[in-house]
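Reader: I am new to this structure. Please take one part and look at it closely.

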Amino acid sequence: MAEGLAVTFDVLTNADNEAAVAALIPALDSRHEPIRNGALASLLLRHSTAAHREILTRLHALDENARQIVRQHPGRMTSAIREVLLDSGSPLSVNAYYAVVWLQEYDLVPLLLNILEDPGNPSAAVATKVMMQLVDLLHEGLTQPESSEWRRDPQMFQSTVVGALEQSLRRFAKHKRRDVLEAFLLLADRDNAVLDEIFQTPYHPAFLSLIDILSSTPHASIIGLLLSYLDDPRAPSAVLAVVAKRSDAKFVQALLRKVSGDPSPAVLGNLKRISSVSWARSGGIVLERLDDASQTAAIKLVVASGMPRTEVFPVVERVLLHGTRGGRRAASEALDEFSGADANRLALKALADEDPQVQANVLMQIRRRGIPGALPRLVAMIDSRHAVVRDAARQSLAEFSFKRFLGAFDMLEEEVRRTTGALVKKIDPQTIPLLQAEMESSSRARRLRGIEMATTMDCISQLEATVIQLLSDEDHMVRTEAATALALSPSTASREALTEGLQDSSMSVQEACSRSLQEQERFTQWRETLVDPRD
């Protein structure tokens with residue numbers, strides 16, 4: 001029986017006689033689902049507007065299986081739907097408008113635009129709503145194809161719909177429908193000729209509406225369109241004015257994502273053209289609500305912008321004192337661009353920041369600022385428990401290197417040698433190994449100078465093993481200086497080496513060993529007289 005029914009519907013589908021339509025229509029209301037669905041499929045395949053109007057009449061009552069059959073035949077009912085929409089008083093108009101959205105009839109967008117542009121048409125409001133729903137569906141299909149149910153490729157309809165919207169915009173002076181412009185912005189890109197024409201013509205009927213939409217709409221795609229102009233080296237000044245004035249949270253977040261990372265030269269060039277950023281000038285409310293990455297980008301944006309530096313500094317100050325860790329790091333780097341008493345005071349406050357990287361960033365700026373007491377502060381920071389702070393302090397004091405000290409040592413006064421040597425020992429971590437290299441040199445002069453420098457810098461105890469080896473040096477002057485230096489290292493190994501040195505073949509070495517042993521003895525006795533604070 002099923003086979004016979006299929007043959008019947010096949011014959012009725014392909015019959016040239018319109019009587020087949022008359023035979024199929026009653027079957028749409030059959031109690032038997034196979035008959036109803038067979039008739040529905042046959043009528044959809046026939047080129048009959050009358051047949052499709054009958055389906056449209058029953059559209060709201062179709063079950064799920066029947067609805068799937070209709071969806072499997074895209075575009076078959078377009079003519080019938082168009083015919084109903086043209087008759088504003090048709091009782092089928094509700095079903096027709098529903099079908100436009102349900103079946104995604106993008107070919108009918110031009111007709112919808114004609115209806116909504118006519119203020120006297122009673123269907124103008126519903127046509128506007130349906131047109132916007134269609135555009136939203138098309139936009140979703142273009143931007144999120146994986147999350148939308150599509151029966152046809154959205155790329156096939158984009159140019160058709162955009163073209164229809166462009167034509168409607170050319171009639172904007174007559175209808176002034178803001179919805180048309182908003183729908184257009186959802187689908188157009190910044191290279192669109194009509195959009196460019198509006199931007200370049202401040203007296204264009206749609207210009208003010210365009211600026212208003214770009215200034216207020218929360219739609220992510222329209223915000224994205226607005227921000228895409230930052231990539232255009234010739235971005236319209238009207239666009240940059242909107243970027244400067246918008247301060248709603250959604251836009252600000254999108255803008256900061258745009259400038260985060262490594263902005264292109266075009267983006268940086270456009271930021272430089274922006275002389276005011278509304279949300280940055282309005283106080284700390286917006287800034288303090290931003291997350292770590294956004295605060296970092298906010299600092300990058302205001303510094304790169306064309307804002308007066310007197311307006312940028314308060315932003316840097318607020319973030320540096322009250323921002324997130326990432327924000328404070330960015331602000332501490334940006335502070336390097338500012339000078340003067342206020343910037344110096346802020347730098348000193350930032351040295352007490354809990355984040356080591358912030359401290360390190362500011363330390364790199366301290367000396368050039370000419371802040372009184374900068375050198376002692378830097379030296380003190382070398383004892384920080386944070387490696388990044390220690391490295392920054394040493395980098396800022398790079399001139400206090402052992403190699404530089406070595407080159408100038410012979411020309412320095414004794415007191416300068418002592419004070420500078422103490423700084424070098426604290427600042428340059430290579431001091432001890434380089435001193436050892438000097439004392440192990442094949443050059444007699446360098447060995448002697450190494451001992452003298454180690455003595456001046458109070459490093460004999462740290463280099464005791466090397467100095468003891470020099471008690472066996474081939475040169476008696478080196479042995480003498482080594483013996484003298486060991487007075488400063490009263491250890492068991494040192495005393496044993498000095499005692500053995502009393503048998504040296506050189507009288508000067510013997511005398512030096514004797515004096516050093518006496519010095520060590522006096523030191524030991526003095527230490528024993530000290531009162532232990534624990535007693």
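Which residue forms a salt bridge with Arg177, and how many Å apart are the closest N and O atoms?

Author: The model is predicted. Arg177 pairs with Asp179. Their closest N and O atoms are 3.7 Å apart. That counts as a salt bridge because the cut-off is within 4 Å. Arg177 has a relative accessible area of 22%, and Asp179 has 28%. Buried means under 20% and exposed means over 50%, so both residues are partly exposed.

Now take Arg178. Its side chain meets that of Asp212 in a salt bridge, at 2.4 Å from N to O. Arg178 sits in helix H12, residues 178-187. Asp212 sits in helix H14, residues 207-216. Arg178 is partly exposed at 31%. Asp212 is partly exposed too, at 37% relative accessibility.

Side chains of opposite charge can pair when their charged atoms come close. The count for this model is 27 salt bridges. One of them joins Arg53 and Glu83, at 2.7 Å from N to O. Arg53 is in helix H4 and Glu83 in helix H6, 30 residues apart. Here again both partners are partly exposed: Arg53 at 26%, Glu83 at 38%.

Phe184 is among the residues with the most contacts inside the largest nonpolar core. That core has 168 residues. Phe184 touches Val162, Leu165 and Leu169, among others, leaving aside residues up to four places away in sequence.

Notes: Residues are numbered from 1 along each chain as its sequence is written. This is a predicted model: local features need pLDDT of at least 70, side-chain atom pairs count only at pLDDT 80 or more; totals for chains, interfaces and linings use all residues. Side-chain values use heavy atoms; hydrogens and water are left out. A nonpolar core is a set of buried Ala, Val, Leu, Ile, Met, Phe, Trp, Tyr and Cys residues joined through side-chain atoms within 4.5 Å. Buried means under 20% relative accessible area, exposed over 50%, partly exposed in between (1.4 Å probe, protein chains only). Contact means heavy atoms within 4.5 Å. Helices (H or I, at least four residues) and strands (E, at least two) are DSSP runs, numbered from the N terminus.
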